[in-house]
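I opened the model today to look up its overall layout and two residues. My entries follow.

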Amino acid sequence: LEILVTILNMNDNSPEFKQTNLTKVVPEDTKVNATIVARGDLSASDADLDIIFYELTTVSGTEGYFAIKGVNNPEIYLQKALDYAKLNLTTLVLYARDRPVGSTDSTNTATATINILIEQADTKSPWFQPCNYINADKSICISSPYTGRVNISEMSTEPLILEPGPIYAIDPDYTLNEKIVYSIVGGNADDVFSVDADTGNLTMNKAVTSPDSYLLQVMATQVNNIQKYSIASVQIQVINKSDNAPYFETKIYNGTVFVGLAPRSFVFQAGDPSSPLMITAVDDDFPNV
């Protein structure tokens, strides 16, 4: 008697990944649609020879950056441009199932964890300090012009004092912190001023002979990439030297107020309730003012 026996394959094996925990370093300036983890590094096998179905998930708040090529293709690619200030690391979980998502059949599942570390790239130009952020993610910082003053016909031997502070710029790609050098690229008539390339200190080469103000353009440039630069304005006012301090015309002022006066009402001179009290100062450097 010849008996034919057919062995039915049971779904009794789970898919298996070659690696269940991977770490990938991804540069911040990686192009959209670039492959992050190759298919060969993520494909799972199944001893039951079932078709494998994949699903990729990520931690809350970092969705949308990474995706897989298809339900049967686990290759991970970048689908949204990276910004180190917004995202510098995330964890992805890749599921491998031997039945489609939503299937009512018994399903076996395997998981692999992919740790993504974002490496900051040289994407931003120098920021002059101090500066104010103009957006919530602090990716843009705008500085105010620098201002200073010099005395006419005098040459200062010390670095000029500027407001709101000395000329100084930083590399906002702070993990790189590239070296920055400074130069004057405009407004320096007759080469009156010079800037220290390393420190940004502004000094004088000669005395100013004209009362006209200067509007300098100072450039901060990354040493490793001259295309990464910023320009700040420095307004230098030329003034007459002040030899005398201002002083009040009298040491004591006496005034009179009345009960019940509304706020912002005048204070009157004592003994003369019809004349508002005036406090004045004079400066001998400006006798006609």
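I began with the domains: domain 1 covers 15-119, domain 2 covers 127-239 and domain 3 covers 247-288. The bounds come from an automatic or database domain assignment. The centres of domain 1 and domain 3, taken over C-alpha atoms, lie 78 Å apart.

I noted the provenance: this is a predicted model, local features need pLDDT of at least 70, side-chain atom pairs count only at pLDDT 80 or more, and totals for chains, interfaces and linings use all residues. Residues are numbered from 1 along each chain as its sequence is written, and side-chain values use heavy atoms, with hydrogens and water left out.

Next I checked the overall form. I found 1 helix and 24 strands (DSSP runs, helices H or I of at least four residues, strands E of at least two, numbered from the N terminus). The radius of gyration is 36 Å, well over the 19 Å from the globule rule for 289 residues, so the protein is more spread out than a compact globule. That radius is taken over C-alpha atoms, and the rule is 2.2 Å times the number of residues to the power 0.38. The C-alpha atoms fill a box of roughly 140 × 60 × 20 Å along the principal axes.

Then I looked up Gln 222, in strand E18 (residues 214-222). Is Gln 222 buried or exposed? Gln 222 is buried, at 0% relative accessible area (buried is under 20%, exposed over 50%, partly exposed in between; 1.4 Å probe, protein chains only).

Ile 3 is exposed, with a relative accessible area of 64%.
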